[in-house]
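Please look at the sequence and the structure together, and then follow the paragraphs below through the main features.

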Amino acid sequence: MNATKTLIAVNTSSPQGMTVTLESTSLFLGILVSVSMLVGVTIKVISKFNSISNSIRDLREDVNKLSAIDTTIKGIYKDVLLLDKRFDIHVQDYTNRKDTIQMLLGQLNEKIDHKSERFEGEIKDIERYLEKREDYKIRSSATE
């Protein structure tokens, strides 16, 4: 049996150099294109992973900021509730004072009415006394 060897891009006549054929050039260019595509795909994958990593880092920073803001808002909410309770106390105090003042004004009106009725009664008594003496005439209006 005869074993034959197939060599690509080798010229047996010139042992000093290498002969470039169309097949070897296309094989070499195919390898270069494949390697460049693999490098390109690898770069795209790495850049996607980096962008995802940066997005996750940004989200973590945002969550930390939001938690700080949330803590601040909770503190402000507690302060607002405290102020609301204080305001309710002041409103109740105002209502109580208003009711007290209205009650006092009502009592003053009753006293004034009572005094004016007494005063009118005393004036009538004086008018009757003066009419009995007949030397004094009572006017019916201020123009007389």
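**Salt bridges along a helix**

R128 and D125 are joined through their side chains by a salt bridge, with 3.1 Å from N to O (a salt bridge is a side-chain nitrogen of Lys or Arg within 4 Å of a carboxyl oxygen of Asp or Glu). The two residues both belong to helix α1, where they are three residues apart, about one turn of the helix. Salt bridges with shared partners also link R57, D58 and E61 into one network, and within it the side chains of D58 and R57 meet at 3.7 Å, N to O. K74 and D70 form a salt bridge as well, at 3.6 Å, and five are found in a search of the whole structure.

This is a predicted model, in which local features need pLDDT of at least 70 and side-chain atom pairs count only at pLDDT 80 or more, while totals for chains, interfaces and linings use all residues. Residues are numbered from 1 along each chain as its sequence is written, and side-chain values use heavy atoms, leaving out hydrogens and water.

The protein has one helix and zero strands (DSSP runs, H or I of at least four residues for helices and E of at least two for strands, numbered from the N terminus). Helix α1 covers residues 22–133, and E134, which follows α1, has a positive phi near 60°.

Of the 144 residues, 2% count as buried, where buried means under 20% relative accessible area, exposed over 50% and partly exposed in between, with a 1.4 Å probe and protein chains only. I43 counts as exposed because its relative accessibility is 53%.
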